[in-house]
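Reader: I am new to this structure. Can you show me how to read the place where two chains meet?
Author: Let us take it step by step.

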Protein chains: 2
Amino acid sequence: MENLNIASYDLLYNLFSFTFAAMMAATLFFWLNLRTVSGVYRSAIVVTGLVTFIAAYHYFQMFLSFENAFIVNNKELTVTGRPFNHAYRYVDWLLTVPLLLVELILVMNLSQKQTINKGTTLGIAAVLMIILGYPGEMSSDLSDRFFWWSLAMIPFLYIVFVLFIGLKDSILNQPVEVRGQIKVACWVTIISWSFYPVVYLLPNFGLTGGDAYVGLQVGYSIADIVSKAGFGVLIYIIAYKKSKVEGYSIS
Amino acid sequence: MENLNIASYDLLYNLFSFTFAAMMAATLFFWLNLRTVSGVYRSAIVVTGLVTFIAAYHYFQMFLSFENAFIVNNKELTVTGRPFNHAYRYVDWLLTVPLLLVELILVMNLSQKQTINKGTTLGIAAVLMIILGYPGEMSSDLSDRFFWWSLAMIPFLYIVFVLFIGLKDSILNQPVEVRGQIKVACWVTIISWSFYPVVYLLPNFGLTGGDAYVGLQVGYSIADIVSKAGFGVLIYIIAYKKSKVEGYSIS
């Protein structure tokens with residue numbers, strides 16, 4: 001982090017602020033639109049907003065932490081010695097990634113048993129994935145990084161498997177009008193999530209020093225916006241369409 | 001607290017932030033879902049959200065107080081001399097613990113007389129328990145600590161007794177669909193509450209210096225998340241199911 005130049009500093013400073021604004025705006029969009037979907041889908045939209053709200057909080061903390069780590073004086077950048085808290089991302093994911101899976105399950109409106117069943121197994125896999133990724137992220141040793149990455153990929157692949165194979169029957173039970181969208185939601189989950197393990201390995205791909213650092217932060221932030229706010233909009237559209245198909249009309 | 005190393009500092013720093021985020025997310029979940037339960041149970045869910053909201057506020061204050069107590073400079077940790085305010089937890093419990101019991105009583109929808117009766121006696125016992133625990137927590141003398149712990153255990157055991165014996169008849173009057181869940185809620189109360197007296201005695205079990213301090217903070221935070229947010233989700237599920245059984249449907 002000490003190798004940042006002033007251009008990279010400006011980029012990251014604005015990136016944290018931008019991502020906070022995007023997440024907070026998404027949160028308000030979901031919650032202000034709660035009553036445009038029928039009662040059955042409101043908890044899915046509540047959870048969708050929780051995910052972006054928790055992310056907004058953590059991006060705001062990252063912004064403050066980043067600001068406190070540097071002094072800028074006439075375009076000269078010096079470090080203050082106060083650390084930038086890298087853990088915020090992981091703390092955020094620990095809360096938001098299980099909730100992301102819950103929001104997908106809730107919008108499918110499965111039986112209560114299936115909802116609890118899938119919610120629990122996917123949630124546990126998500127928490128495991130994040131806990132296994134953390135030690136590698138904090139290590140400066142590249143083979144350590146790769147080792148923990150490999151371990152975290154096991155629950156990751158399990159989640160992908162469940163979303164594609166395990167939910168296949170449930171998708172066929174969805175109204176025909178939204179079946180396409182739910183498939184898209186599963187794909188968006190997998191594509192946007194695949195971003196994370198790739199970004200994680202950037203240092204292993206030969207990116208070093210300030211470049212690796214900027215690459216990580218930009219990559220993770222884009223992935224967060226797509227998988228939380230973008231994915232959330234998709235969930236909202238599904239809930240909205242299903243409400244309409246099932247005869248709900250907002251007065 | 002002066003004996004903390006940088007790893008423990010990072011752990012506690014992120015613990016306070018994480019617990020704040022979890023409590024705030026839980027609060028919003030309860031309040032945004034208010035209309036998914038029938039009018040009878042809304043006050044229970046309002047109180048459930050109050051508990052996590054008050055906790056969120058205190059965790060944010062603890063986060064700030066902790067941050068102000070230390071200076072981090074290039075991974076060197078020094079104390080500023082500004083104290084970390086240990087009293088926040090007790091101030092929080094003084095408000096939230098009686099409310100936790102009230103939320104359990106409200107969701108049972110007892111007669112007005114019983115609600116006021118049980119609410120008052122359990123509430124007074126809870127306040128007494130916390131007031132008696134405080135002097136021991138602030139004392140550095142281990143026998144003092146044990147003495148106040150023993151006194152606080154009297155109202156604690158009284159509460160456990162009421163939850164198991166005194167509410168037995170009321171539980172049998174609950175709809176059969178939620179009787180199991182209410183029993184689980186009583187058990188979650190007792191198990192998660194039992195965590196507190198155990199954590200309290202960690203220094204008496206031989207944990208000293210920085211370790212005792214980290215143990216206390218981590219232990220209390222986990223117990224708070226389970227007994228406030230986790231328990232609250234259980235109360236919400238009970239209220240939701242009872243609403244359905246009693247013919248409420250959200251449009």
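Reader: Which residue forms a salt bridge with B:E67?
Author: A salt bridge pairs a side-chain nitrogen of Lys or Arg with a carboxyl oxygen of Asp or Glu, within 4 Å. This is a predicted model. Here A:R82 is the partner of B:E67, and their closest N and O atoms are 4.0 Å apart. The rule finds 1 salt bridge across the interface of chain A and chain B.

Reader: How many residue pairs are in polar contact across the interface of chain A and chain B?
Author: The rule finds 4, with both residues at pLDDT 80 or more.

Reader: Which elements give two or more residues to the side of chain A that touches chain B?
Author: They are helix 2 (39–69) and helix 3 (87–108) of chain A. Helix 2 gives the most, with 11 residues. By type, this side of chain A has 15 nonpolar, 8 polar and 3 charged residues.

Reader: How many residues are in contact, and what area do the chains bury?
Author: On chain A, 26 residues are in contact with 23 residues of chain B. The two chains bury about 2,000 Å² between them. Carbon and sulfur atoms hold 67% of that area.

Reader: Which residues have the most contacts inside the largest nonpolar core?
Author: Those are A:I159, B:F66 and B:I159, in a core of 159 residues. Helix 2 of chain A gives the most to this core, with 17 residues.

Reader: What does B:I159 touch, leaving out residues up to four places away in sequence?
Author: B:I159 touches B:L101, B:L122, B:A125, B:A126, B:M129 and B:W193.

Note on methods. Residues numbered from 1 in each chain as written. Chains lettered and ligands numbered in written order. Predicted model: local features only at pLDDT ≥ 70, side-chain atom pairs only at ≥ 80, totals over all residues. Heavy atoms only, no water. Contact = heavy atoms within 4.5 Å. Buried area = accessible area lost by both parts, 1.4 Å probe. Polar contact = N/O pair within 3.5 Å; in protein donor to acceptor, adjacent residues only side chain to side chain. Helix = DSSP H or I, 4+ residues; strand = E, 2+ residues; numbered from the N terminus. Nonpolar A, V, L, I, M, F, W, Y, C, P; charged D, E, K, R; others polar. Core = buried A, V, L, I, M, F, W, Y, C linked by side-chain atoms within 4.5 Å. Buried < 20%, exposed > 50% of the residue type's maximum accessible area, 1.4 Å probe, protein only.
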